[in-house]
Amino acid sequence: MPTRRAVRHSLTVLAATAVLSGTLVSVADATPPGIPSASTAKTELAALTVKADGSQTGYSRDKFPHWIDQGNSCNTREVVLKRDGTNVVTGSDCAATSGSWFSPYDGETWTATSDVDIDHVVPLADAWRTGASAWTTAQRQAFANDLTDPQLIAVTDNVNQEKGDKSPDQWKPPLTSYWCTYAKMWTAVKYKFKLTINTAEKSALTDMLGRC
């Protein structure tokens with residue numbers, strides 16, 4: 001029996017073949033709103049407070065209520081899937097029944113939502129360690145469901161799981177061509193929510209923005 005990764009690779013090849021043969025109209029990159037220019041991101045990075053990360057004590061994903069109702073029977077995950085996908089068709093419950101999703105982290109394309117995660121660009125646990133532990137539940141909910149800033153993006157599920165709660169000094173997208181955009185998104189979110197960064201994190205972001 002083929003492995004899950006082998007099956008998924010075959011699906012990616014089929015999707016690419018379909019694009020070349022014209023059976024799919026297009027495959028769009030997942031592009032969250034509010035991604036700043038490189039110059040703006042560098043200015044925002046310089047303005048961030050640099051300090052050691054705080055404690056993980058007390059952290060729980062439940063303290064960041066996420067995938068909340070966004071109206072029209074849709075929750076946050078479903079809104080992002082529709083936003084970041086191509087030719088997405090949804091049912092009356094807002095769940096996607098068909099479509100394709102290109103993950104800019106690794107360059108893979110998927111046609112099943114089970115292969116796609118909605119990544120918090122700045123992970124919830126990282127936010128907790130860098131300032132969110134002092135927020136109210138309402139503030140953490142707003143952060144975890146932010147649709148107006150580059151904080152949520154549809155990507156390959158196992159790539160998101162490999163990332164976990166790591167900051168850019170510990171994990172970067174497999175595609176180096178996306179490092180500039182990733183650093184711009186990460187910096188914008190930290191700046192918007194007044195979260196801190198540590199020294200290694202700032203060094204990594206400075207390097208990544210230098211590739212823009």
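Arg 129 has a relative accessible area of 16% and therefore counts as buried; the term stands for under 20%, with exposed being over 50% and partly exposed in between (1.4 Å probe, protein chains only). The model is predicted, so local features need pLDDT of at least 70 and side-chain atom pairs count only at pLDDT 80 or more, while totals for chains, interfaces and linings use all residues. Residues are numbered from 1 along each chain as its sequence is written, and side-chain values use heavy atoms, leaving out hydrogens and water.

The protein chain has 212 residues, of which 45% are buried. Its secondary structure amounts to 8 helices and 5 strands, taken as DSSP runs numbered from the N terminus (helices H or I, at least four residues; strands E, at least two). Read from the N terminus, the order of elements is α-α-α-β-β-β-β-α-α-β-α-α-α. Of the contacts (heavy atoms within 4.5 Å) in the protein chain between residues at least 6 apart in sequence, 74% join residues at least 24 apart.

Side chains of opposite charge can pair when their charged atoms come close. The structure holds 9 salt bridges, each a side-chain nitrogen of Lys or Arg within 4 Å of a carboxyl oxygen of Asp or Glu. In one of them the side chain of Arg 129 meets that of Asp 165, with 3.0 Å from N to O. Arg 129 belongs to helix H4 and Asp 165 to the loop between helix H6 (157–163) and H7, so this pair ties together parts that are 36 residues apart in sequence. Asp 165 is partly exposed because its relative accessible area is 31%.

Lys 190 takes part in two of the pairs described here. With Asp 126 it forms a salt bridge in which the closest N and O atoms are 2.8 Å apart. This pair links distant parts of the chain, since Lys 190 sits in helix H7 (residues 179–192) and Asp 126 in helix H4 (residues 124–129), 64 residues apart. Lys 190 counts as buried because its relative accessibility is 0%, and Asp 126 is likewise buried, with a relative accessible area of 0%. The side chain of Lys 190 also meets that of Glu 201 in a salt bridge of 3.1 Å, N to O. Glu 201 lies in helix H8 (residues 199–209), so its pairing with Lys 190 in H7 ties together parts that are 11 residues apart in sequence. Both Lys 190 and Glu 201 are buried. Through shared partners, salt bridges join Asp 53, Asp 126, Arg 129, Asp 165, Lys 190 and Glu 201 into one network.

Lys 190 is also among the contacts of Leu 48. Leaving aside neighbours within four places in sequence, Leu 48 touches Thr 187, Lys 190, Tyr 191, Leu 195 and Ile 197. Leu 48 is placed in the loop between helix H2 (38–47) and helix H3 (76–84), and it counts as buried because its relative accessibility is 9%. Its C-alpha atom is separated by 6.2 Å from that of Thr 196, which is 148 residues away along the chain.

The strands come next. An open sheet of 3 strands has the order E1-E2-E3 and antiparallel pairing; strands pair if DSSP finds at least two bridges between them. Its edge strands, E1 (86–90) and E3 (108–110), each pair on one side only. On average, neighbouring strands of this sheet are turned by 15 degrees against each other, direction ignored; the axes are lines fitted to C-alpha atoms, and angles run from 0 to 180 degrees between N-to-C directions. E1 is joined by 3 bridges to the antiparallel strand E2 (residues 96–103), where Ala 96 is the bridge partner of Thr 90.

Strand E4 is joined to strand E5 (residues 152–156) by 5 bridges, and the two run antiparallel.

Pockets are found on a 1 Å grid over the protein atoms alone, as open sets of points where a 1.4 Å probe fits, with protein on both sides within 12 Å along at least five of seven lines; lining residues have an atom within 4 Å of a point. The largest pocket holds about 230 Å³ of space, the volume filled by probe spheres set on grid points joined across faces, edges and corners. It is lined by 15 residues, and Arg 61, Asp 119, His 120, Asn 160 and Gly 164 lie nearest its centre. The elements giving two or more residues to this lining are E4 (116–120), H4 and H6. E4 supplies the largest share, 4 residues.
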